[in-house]
Amino acid sequence: MASSAATPEQPLLSVTNLKIRIQMDNGELKAVDGVDFEIRKGRTLGLVGESGCGKSLTSRAIIAINPKECETTGEILYNASSNTSNGPIDLLKLDPRGKQMRSIRGSKIAMIFQEPMTAFSPMYTIGNQIMEAVRIHRTKSKKEARQITLDMLGKVGISDQEKRFDQYPHEFSGGMRQRAMIAMALSCNPELLIADEPTTALDVTIQAQVLELMKGLQQEFGMAILLVTHDLGIIAEMCDEVAVMYLGKIVEQAPVKEIFRNPKHPYTKGLMRSMPRLGGNKSERLESIEGSVPLAVNMPPMCGFYDRCPNRIEGVCNAKAVPITRLSDQHLVRCFLYTEQGEGE
């Protein structure tokens with residue numbers, strides 16, 4: 001069925017029933033288990049959760065850069081602005097090394113990686129690495145590509161661009177490398193930017209600068225952002241919508257104000273209570289979520305948060321898979337507390 005490119009009513013990217021399986025010696029690891037979400041043009045979706053919940057695998061599946069051991073199924077529909085007559089593209093059906101995926105990856109959909117020191121090659125200058133992406137996706141002219149690269153370095157707040165162009169990654173500070181990584185990601189004017197923990201290794205001052213930079217560039221280019229993080233402070237600052245992920249599943253999804261004002265899932269509530277708050281009682285201890293994320297190998301059909309949940313219902317939460325409950329048009333939760341089997345609030 002033919003459709004036009006993404007509109008305010010139509011998502012730029014639609015992920016449906018995404019599953020990622022990894023065969024291990026002791027069984028099958030369900031790293032991502034039926035994830036659904038949509039990202040609209042000019043909007044920011046935050047994907048939040050502890051380490052080991054499947055956030056990075058989910059984001060990397062969009063541009064097909066997960067390890068070959070990952071068996072990925074489901075549907076990832078991309079409504080490219082340049083694909084106005086043939087309908088959305090299912091990215092999972094494309095050859096990861098094929099011409100069409102390579103024309104999308106890095107150009108239409110770009111990614112800021114978690115650690116820029118390992119994302120940049122130490123053997124080539126920063127300028128040459130950014131310029132390579134520009135020459136692949138925008139222009140074959142070396143002179144024009146160099147000028148685009150210099151302009152983009154300036155846009156991300158790197159001064160003395162001519163000198164910086166010829167420097168190697170080890171000559172940049174952590175914040176400068178992160179800015180250079182953003183410059184590389186945005187050098188081809190992507191429609192969707194995937195930011196995987198973009199400020200993890202930065203101090204708070206540089207972190208704030210990088211977040212402001214991303215917001216400003218989003219407004220300038222009109223791109224959508226998928227922001228992967230475990231930091232709820234960043235979520236509150238950057239996002240329009242939030243998807244809370246736990247053990248390979250989205251357990252709650254809502255607009256950012258709704259999530260902070262009215263969290264429903266016990267895991268979301270636990271994350272909220274573990275946040276430090278300005279003006280709070282200094283003698284009051286922050287709460288923590290007991291235990292850790294289990295390894296999802298040979299998991300029976302049950303709530304993955306059962307062992308850590310203060311509100312678990314014996315014989316219900318550990319007996320079957322948890323369905324998604326729609327609390328409102330925009331608020332979804334995966335918890336028996338809000339189904340007929342549970343007790344409701």
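In what order do the strands of the open sheet lie, and is the pairing parallel or antiparallel? The legends below take up this point and then turn to other close-up views.

The model is predicted, so local features need pLDDT of at least 70 and side-chain atom pairs count only at pLDDT 80 or more, whereas totals for chains, interfaces and linings use all residues. Residues are numbered from 1 along each chain as its sequence is written, and side-chain values use heavy atoms, with hydrogens and water left out.

View 1. The order is S2-S1-S4-S5, with 4 strands in an antiparallel pairing; strands, like helices, are DSSP runs numbered from the N terminus (strands E, at least two residues; helices H or I, at least four), and two strands pair if DSSP finds at least two bridges between them. Strand S2 (27-39) and strand S5 (89-90) are the edge strands, each pairing on one side only. Between S1 and strand S4 (residues 71-78) there are 7 bridges in the antiparallel sense. Ser-14, which lies in strand S1 (residues 13-24), has Leu-77 as its bridge partner in S4. With residues up to four places away in sequence left aside, Ser-14 touches Phe-37, Glu-38, Glu-75, Ile-76 and Leu-77, a contact being heavy atoms within 4.5 Å. Ser-14 counts as buried because its relative accessibility is 13%, where buried means under 20% relative accessible area, exposed over 50% and partly exposed in between (1.4 Å probe, protein chains only).

**View 2. Strand S7 and its parallel neighbours.** Strand S7 (residues 192-196) is largely enclosed by the rest of the structure, because 5 of its 5 residues are buried. Leu-192, Ile-194 and Asp-196 point one way from S7, while Leu-193 and Ala-195 point the other way. Strand S6 (residues 109-112) runs parallel to S7 and is joined to it by 4 bridges, with Ala-110 having Leu-193 as its bridge partner. S7 also pairs in the parallel sense with strand S8 (residues 224-229), over 5 bridges, and there Leu-193 stands opposite Ile-225.

**View 3. An aromatic cluster around Tyr-246.** Ring pairs link Tyr-246, Tyr-267 and Phe-305 into a cluster; rings of Phe, Tyr and Trp (its six-membered ring) pair if their centres lie within 6.5 Å, and planes under 30 degrees apart count as stacked, over 60 as edge-to-face and the rest as tilted. Tyr-246 and Tyr-267 form a tilted pair, at 4.6 Å centre to centre and 55° between the planes; Tyr-246 belongs to strand S9 (residues 241-246) and Tyr-267 to helix H11 (residues 266-273), 21 residues apart. The pair of Tyr-246 and Phe-305 is edge-to-face because the planes lie at 80°, with the centres 5.2 Å apart. Phe-305 is in the loop between H11 and strand S11 (325-326), 59 residues from Tyr-246. Tyr-246 is buried, with a relative accessible area of 3%, and Phe-305 counts as buried at 2% relative accessibility.

View 4. With a disulfide taken as a pair of cysteine sulfur atoms within 2.5 Å, the count comes to 0 disulfides. For Cys-53 the nearest cysteine sulfur is that of Cys-303, 12 Å away, and for Cys-70 the nearest is that of Cys-53, 16 Å away. Cys-53 is buried, with a relative accessible area of 1%, and Cys-70 counts as buried at 13% relative accessibility.
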